[in-house]
Structures are given as C-alpha cells and as structure tokens.
Amino acid sequence: MVKIYPGWGASMSIAFIDLKTQYQSLKKEINERINAVLEHGQYIMGPEVQELEERLAAYTGAKHCITVASGTEALLISLMALGIKPDDEIITTPFTFVATAEVIVLLGAKPVFVDIEPDTCNINAKLIEAKITNKTKAILPVSLYGQPADMDEINSIAERHGGIPVIEDAAQSFGSTYKGKKSCNLSTIGCTSFFPSKPLGCYGDGGAIFTNNEALAQAMREIRVHGQSQRYVHTRIGVGGRMDTIQCAVVLSKLERFDWEVERRLSIGQRYNELLDEIGMPRVQQRGDRNSVFAQYTLFSSGREALQKRLSEAGVPTAVHYPVPLNEQPAYKHLCCPDCTPLASIAAKQVMSLPMSADLADRDMEDVIERLQKSLA
Ligand SMILES: Cc1ncc(COP(=O)(O)O)c(C=O)c1O
C-alpha cells in the first residue's frame with residue numbers, strides 16, 4: 001500500500017526545514033512512544049536505547065551501534081576509543097561544522113586539514129596521502145551535505161599506510177549510500193547526529209557510533225558511561241555521553257517513515273538539480289556511485305549576500321554551510337596553516353543552501369526556483 005504523506009501537497013509558506021509537518025504525520029507514533037517511556041520511567045538506558053541500537057545496526061549493516069548524547073560526543077568517544085593522545089595528527093577537512101575539528105583539539109591532538117573537491121565540497125581523497133606522517137593516527141572525512149566522501153579511496157590510502165583507522169563523520173549523511181553500502185558502515189567507525197534538523201533527527205540532542213570492531217565497540221560503550229566496565233569500576237577515562245531514552249523513543253518512531261523520507265529527499269534533490277541546470281545556476285555535484293540524502297541542498301553564488309537578501313524578501317529562507325573554513329577560524333588558525341586549503345576558502349564564500357526537507361511540497365520547490373530565477377534577473 002502506498003502511504004500518502006503531507007509532503008505531496010503545497011503549503012502556504014516555505015520553511016527552510018519543515019519539522020512541524022513531519023511531527024503532524026507521525027504524531028500518533030511519537031506521542032505513544034514518548035508516553036511509553038513516561039509510563040515505564042527508565043529515562044536513562046531504558047529498553048528503547050537497546051531497541052534503537054539494534055534497529056540502526058540492522059539498517060546500516062554494521063555489527064555494533066552505540067547511541068550517544070550527540071554527534072559531537074560520537075566523534076569524541078570514537079577518538080578516545082582509538083587512544084588519540086596529545087600531538088597525534090588527525091587528517092580531516094576544514095569545510096565542515098566545527099565539531100569535527102573541535103574534538104581533535106579537545107584531546108590535545110592536531111587537525112591536519114586537506115582541501116576539498118570544488119564540485120562536491122567533500123575532502124579531496126587524492127590530497128590525503130601527502131599529509132600522512134608517522135604521527136597520523138586517524139583520517140576523519142566528513143560526508144558533507146548528505147553525500148558520502150570517497151570512502152573506498154580513503155580506506156585504501158589508510159590501508160597502504162599500515163591500517164590507519166578511518167572515521168566517517170556521517171552527521172549529515174545517515175540514510176545515504178556509497179556504492180550500495182549505507183553511510184556509517186563504510187569504514188572503521190561511522191558517527192552520526194540526531195540533531196533535530198538532521199535527516200534522522202530527534203527532539204533534542206542525540207547521536208550514534210557504528211563499527212564492526214568488537215574491541216572498539218566495547219571501549220565506546222564503556223567511555224560513554226564514564227569509562228565504567230562494571231558498576232563503579234572505572235577501567236578507563238570516559239565521559240557522560242549517554243543518549244536519553246525519550247530521544248531514542250523519538251528516533252524509533254521516526255524510523256516509521258524514514259525509507260520514504262530518504263527517497264523523497266533524493267527525488268527533491270534531483271529535481272532541484274534539473275531546475276538549477278536549466279537556469280544555469282552552479283550547484284554542488286553528486287557522484288554517480290552515491291545516493292545523497294541531501295541534508296542540505298547547496299548551490300554556489302558569487303553574489304551570495306545580495307542573492308540571499310533578495311530571496312529573503314521573496315519569502316525564501318536560505319542558510320550558509322559554512323561561511324568560514326575551520327583553519328581560518330579564530331580559535332583554530334594558529335593550530336594549522338590557515339591558507340593551505342584555497343578551494344575551501346572559495347567555497348565558503350559562495351555556498352548557499354535552499355529549503356530542503358522530505359515534507360517540502362513539489363509546488364513549493366518549483367516556487368523556490370522561480371523566485372530564485374527572478375532574484376537573479
Ligand atoms: C558534520 C558535522 N559533524 C558533527 C556535528 C555535531 O553533531 P551534534 O550537533 O549532534 O553534536 C554536526 C552537526 O551539526 C555536523 O554537521
């Protein structure tokens with residue numbers, strides 16, 4: 001039976017991300033799941049936590065899923081489980097949300113930034129090898145805007161250099177695929193975020209880590225609860241990093257229509273692509289061997305500020321992900337070379353994201369492009 005969800009019809013105003021319509025269409029499941037937690041009262045590590053971990057592990061095909069307090073915590077716990085220490089080097093991209101590099105610096109390690117592919121805005125795998133030294137302890141690509149980075153290429157570089165662990169920052173890409181495999185299960189570790197606006201979001205903070213490595217999974221489970229292997233036995237340094245039972249319940253209810261949402265995001269992204277190509281507007285490209293989940297729909301404009309202003313006046317909200325590469329940020333620029341990733345600097349000046357969510361109606365999407373075309377004139 002084909003389910004009809006609200007996204008098929010047009011709405012009066014265009015939301016940048018439409019979480020209200022999503023809630024309305026899943027209200028019954030979400031309310032029931034939250035109420036069940038309120039009734040059983042196990043707010044921390046209740047049964048929904050394990051249920052969600054089993055569902056997400058099955059979804060990605062990874063052996064282990066460990067839910068955690070946020071996407072940031074997922075990255076931090078992963079690096080801690082790998083034993084990252086001061087002065088270790090972690091290769092990553094500067095064109096990402098700050099959390100990717102923040103966790104590296106928090107552990108006293110050094111982010112080594114590699115420039116991006118100008119068309120996808122993902123890390124350029126071809127430039128990674130030149131940055132590997134004997135201090136390199138992990139490679140941390142980001143699957144930006146919902147499209148996996150070139151994970152096979154990155155994994156084989158890591159393999160050639162003695163099996164350097166690869167962590168996919170999949171905060172934006174849960175639900176996407178790379179050569180038929182699910183994001184989060186493409187390398188040693190995959191980390192995602194359930195921040196409300198992510199492709200699979202909760203109603204607060206949440207995240208998850210995925211791995212097929214038994215020892216790493218065990219370490220991560222312990223680090224999540226203050227390094228505890230048994231009650232009050234702390235065998236390693238950890239954090240308070242659990243995901244609340246209620247947030248797990250919310251994600252479980254959102255899985256109800258997640259497959260539909262992933263398909264819908266893909267078809268909206270592809271339709272946006274067609275419409276933008278018709279009007280000759282440059283945009284982020286997608287590779288043929290990947291299905292993006294379009295966490296953001298992003299184009300390039302050399303006159304971005306003026307265009308954003310005109311679109312805002314025309315009732316189309318936009319956003320910039322991200323205006324400054326991390327190696328140019330005040331807190332980071334002394335740690336690394338601020339001008340060694342020129343393509344990330346150019347992208348940061350030009351990227352602009354359009355309204356995107358599974359509930360964006362077809363007519364609203366066409367309207368966005370029409371108003372964009374008028375704003376360009
Ligand atoms: C690429 C990337 N990494 C990490 C994070 C951090 O996730 P969270 O906000 O759940 O801590 C985000 C969230 O915006 C992100 O986009």
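Axes here are lines fitted to C-alpha atoms, for helices over the stretch in contact, and angles run from 0 to 180 degrees between N-to-C directions. Helices are DSSP runs (H or I, at least four residues), numbered from the N terminus. The model is predicted: local features need pLDDT of at least 70, side-chain atom pairs count only at pLDDT 80 or more, and totals for chains, interfaces and linings use all residues. Residues are numbered from 1 along each chain as its sequence is written, and side-chain values use heavy atoms, without hydrogens and water.

**Helix packing**
- The axes of α1 (residues 19-40) and α7 (residues 245-254) come within 8 Å and cross at roughly 145 degrees.
- Contact (heavy atoms within 4.5 Å) involves Q22, L26 and I30 of α1, among others, and residues of α7 including I246, A249 and V250.
- Nine of these contact residues are nonpolar, four polar and three charged.

**Largest cavity**
- The whole structure holds two cavities of 30 Å³ or more.
- A cavity is a set of points on a 1 Å grid over the protein atoms alone where a 1.4 Å probe fits but cannot get out; lining residues have an atom within 4 Å of a point.
- The largest has a volume of about 100 Å³, counted as the space filled by probe spheres set on the points.
- Of its 16 lining residues, L19, Q22, E261, R265 and S357 are the closest to the centre.
- Helices α1 and α8 (258-278) each give two or more residues to this lining.
- The lining comprises five nonpolar, four polar and seven charged residues.

**Second largest cavity**
- Its volume is about 60 Å³.
- Lining residues include T120, Y145, F294 and Y297.

Terms used. Nonpolar A, V, L, I, M, F, W, Y, C, P; charged D, E, K, R; others polar. 1 Å grid on protein atoms, 1.4 Å probe; cavity = no way out; pocket = protein on both sides within 12 Å on 5 of 7 lines; lining within 4 Å.
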